[in-house]
Amino acid sequence: MRTENRHFDNPLTGVRNLGILAHVDAGKTTVTERILYVTGATYKRGEVHDGTTVTDFDSQERDRGITIFAAAVSCDWDGHRINVIDTPGHVDFADEVERSLRVLDGAIAVFDAVAGVEPQSESVWRQADRHGVPRIAFVNKLDRTGADLDLAVESIRARLHTVPLVVQLPIGQEDGFTGVVDLLRMRSLVWSDGCDTFEDGPVPEDLQDEARRRRRLLEEAVAELHPIALEEFCAQSTVSAQTLAAALRDLTLAGDAVVVLCGSAYRNRGIEPLLDAAVAYLPSPLDVPAVRGTVDGSEQERAADPSAPFAALVFKVNATATGRLTYLRVYSGTISRGEAVLDVQARRTERVGRILRVQADRHAEVERAVAGDIVAVVGVKAARTGATLCAPAAPLILEPPTVADPVVSVAVEARRSIDTDRLVSALARLVEEDPSLRVRTDRETGQTVLSGMGELHLEVAAEKMRRAHGLDVSVGRPQVAYRETVSRGVSGLVYRHVKQDGGAGQFAHVVLDAQPLDVAEFDGGSSSAVDFEFASTVVGGRVPAEYVRAVEAGCRDALAEGPLGGNPVTGLRVTLTDGATHPKDSSEMAFRTAGRLALREALRACAMVLLEPVAEVTATVPEDAVGGVLGDLAARRGRISGSTARAGTAVITATVPLAELFGYASRLRSRTQGRGTFTSRATGYAPVPGSVLSAMPSR
């Protein structure tokens, strides 16, 4: 642990806001725990397998052994304050990564020394590219059997399309890994078993030639990318450590290359130089462009200046039964306890009750927060993720994090009817905390449908309702809203409704034609947006106008249940061609009843077809997985409508029955090693194969 104090002309120079990014099980949570331990923020090493980590504090995270929720922690190193966000590595929680990257200045990408670049490593790297977040790389688990730094670095070069600049050489292999050679200073750093600190010494004799060779390769690679390093290399045939360090920082900030370090976080080897690299190469809030926002449609910039008007972005909300924590990244200005802030989008003024420095699930209260800080506040009651909080006198709207469209849905319901209201409240709180969850009530089935980014995502949400809210909920496959339509109609169906039970009776006589609304469109495989048309060709006043309207209303009543399975009927044209009335017993009620019963009989006499909802699926997959994906879509009764190649990937478009899409997210990830993604949108209805019911004789 380094305790020396460093003086900075601007305090923000000593701040680093970093994220830890990786594929699941690459060791990023262990890296975060060792950072906290080495910096003195914790006195004991947290272990994932023991459930003792600081950042994976949720009970589900400890039970499953994976990171589910992004957790923020703070520590100090070499006079710098480092705010770290440990992000999830599972693809289902990519939206947590997206929200975190929106407020980070830099990141440490962790890779497995055996597996190299894994699917989710690639995904989070692309997310960081979109946000322009500078990164350094840490190749972890060098103590594992089969670990190979060179192969891992080559996978970074080939799959991430970046220039890796390796600044360390491992000492020992696999279980014999004991330390690294610092190629800038040409010194060895060795960690002994049972020791928390390293020994700084000369390069081992048996590694000197290899260290000099790799130092030369590093100098040549940097000289190719950096003009000052190139000038020095041409003049002196070498590049000094100071010039190398400055060039590595410039290349990292510009995104032209990535510095690669190595170690074993589990054995606490390589963490100190990783921290040194983070403060040396990754940006402070002053090194990133000023944040941009809009005011009355015009764009403005706010510099990272504590004296500027206050502006902060809400990137996470934690709503509990005991209170509400709102997590902020402060971009400009200063906020103190008790001050009022403006939620611009909601046009609501809030008062900040307390300001907390976050340490995962523990918090330390502070008097104020300044530009560059990541803190949580208490007292803000209504601000949602993505909201801008700013000084009331200087409003500004910052760009919110993007929220991906959900891809998987389940039906949820309380097992006990008395818990229905509590379920509504619990779902509202879930959506408040996680904007990538969506809740809706299906108008036709009446089910409450919860949608999210994957099956594990929804499983975690349901379990959270059980644990945090004490709800006994059942989760199942959502019902699919089928339709029925007419493929061959009937003409001249006669129906007479007569009812006499004392007093005024009921009499209505109608003659109907029932035909498909649009045969051409039906043959094209989808149902028209116009569900039903009604017309009357009755002449001579045989059926008065008010009774005609009653017949139409009765026909609409009959559309609620079709003869195949009680599903709504669509795509139908009904024509009233004739009828008769009784001077005393006819009424609107009688003709409405006659219309309903007549159409039901007509539908039983028609050739009916069952329709199912279909969706247009657009899947983006690696080129080497196209065959498997096409086969899987065909097995799901999908109709391929297009396929285009784009930069090593293929974009496949298909129309797939909605009933076949349940579980598709997991299957696609399995077939593409987690690299495939898809979107879907409902496009209408199509006939279910083999569902035609032949016409039946009318009764």
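This is a predicted model: local features need pLDDT of at least 70, side-chain atom pairs count only at pLDDT 80 or more; totals for chains, interfaces and linings use all residues.
Local features were considered at pLDDT of at least 70 and side-chain atom pairs at pLDDT 80 or more, whereas totals for chains, interfaces and linings use all residues. Residues are numbered from 1 along each chain as its sequence is written, and side-chain values rest on heavy atoms, with hydrogens and water left out.

The largest pocket holds about 1300 Å³ of space. A pocket is here an open set of points on a 1 Å grid where a 1.4 Å probe fits, with protein on both sides within 12 Å along at least five of seven lines, and lining residues have an atom within 4 Å of a point. Of its 37 lining residues, Ser123, Arg130, Arg675, Gly676 and Thr677 are the closest to the centre. Elements that give two or more residues to the lining include α3 (94–103), α4 (119–131) and β37 (677–687); helices (H or I, at least four residues) and strands (E, at least two) are DSSP runs. The most is given by α4, with six residues.

Four aromatic pairs were found, with ring centres within 6.5 Å and planes classed as stacked under 30 degrees, edge-to-face over 60 and tilted otherwise. Phe111 and Trp125 form a tilted pair, 6.3 Å centre to centre with 45 degrees between the planes. Because Phe111 lies in strand β4 and Trp125 in helix α4, this pair ties together parts 14 residues apart in sequence. Both residues are buried (under 20% relative accessible area, with exposed over 50% and partly exposed in between; 1.4 Å probe, protein chains only). The charged end of Arg135 sits over the ring of Trp125, 4.4 Å from its centre (CZ of Arg or NZ of Lys within 6 Å of the ring centre and within 35 degrees of the ring normal).

The whole structure contains 49 salt bridges, each a side-chain nitrogen of Lys or Arg within 4 Å of a carboxyl oxygen of Asp or Glu. Arg99 and Asp434, both buried, meet in one of these at 3.7 Å, N to O. Arg99 lies in helix α3 and Asp434 in the loop between α10 and β26, so the bridge ties together parts 335 residues apart in sequence. Both residues also belong to a salt-bridge network with Asp95, Glu96 and Lys316. Arg329 forms a salt bridge with Asp105, the closest N and O atoms being 3.1 Å apart. The charged end of Arg329 also sits over the ring of Tyr331, 4.7 Å from its centre.

Conventions: Grid points are joined across faces, edges and corners, and a volume is the space filled by probe spheres set on the points. Rings of Phe, Tyr and Trp (its six-membered ring) pair if their centres lie within 6.5 Å; planes under 30 degrees apart count as stacked, over 60 as edge-to-face and the rest as tilted.
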